[in-house]
Every structure is written in structure tokens, then in C-alpha cells.
Amino acid sequence: MIIEITAEAAGKIKEMLAAEENQDQFLRVAVKGGGCTGLSY
């Protein structure tokens with residue numbers, strides 16, 4: 001599965017990760033059933 005994100009979102013993710021003390025952090029993305037469109041992210 002490939003997930004595409006905007007350049008602005010990538011920049012925000014980099015900022016968030018850089019602010020963490022533990023540099024072994026990562027971003028987890030999940031998709032669950034539910035919500036008005038049938039999916040929640």
C-alpha cells in the first residue's frame with residue numbers, strides 16, 4: 001500500500017519528529033471503519 005501526502009504535511013511531520021527527544025519515533029497511520037464516509041483515519 002502506498003500513501004501519498006502533501007509537501008506541507010511532510011514538512012509538519014518532520015517538525016513533529018524533530019521536536020521529539022527520542023529520535024527513534026515514527027509516524028503510524030491507521031484506517032478504521034466508521035465515520036460518515038465509512039472510514040476513519
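Is isoleucine 5 buried or exposed? Isoleucine 5 is exposed, at a relative accessible area of 51%, where exposed means over 50%, buried under 20% and partly exposed in between (1.4 Å probe, protein chains only).

The views below come from a predicted model, in which local features need pLDDT of at least 70, side-chain atom pairs count only at pLDDT 80 or more, and totals for chains, interfaces and linings use all residues. Residues are numbered from 1 along each chain as its sequence is written, and side-chain values use heavy atoms, with hydrogens and water left out.

**View 1. The whole protein follows the pattern α-β-β.** Here you can find 1 helix and 2 strands (DSSP runs: H or I of at least four residues for helices, E of at least two for strands, numbered from the N terminus). The C-alpha atoms fill a box of roughly 35 × 20 × 20 Å along the principal axes. Of the 41 residues, 0% count as buried.

**View 2. Isoleucine 5 sits in the segment before α1 (7–19).** Together with Ile3, Leu27 and Val29, Ile5 makes a nonpolar surface patch of about 390 Å². Such patches join nonpolar side chains (Val, Leu, Ile, Met, Phe, Trp, Tyr) within 5 Å and like charges within 9 Å, using residues with over 30% relative accessible area and no salt bridge (a Lys or Arg side-chain nitrogen within 4 Å of a carboxyl oxygen of Asp or Glu).

**View 3. Valine 31 lies in the loop between α1 and β1 (32–33).** Valine 31 counts as partly exposed, at 48% relative accessibility. Look for glutamate 21 too: valine 31 and glutamate 21 are 10 residues apart in sequence and 27 Å apart in space, C-alpha to C-alpha.

How values were computed: Areas by Shrake-Rupley, 256 points an atom, 1.4 Å probe, with all protein chains shown as cover.
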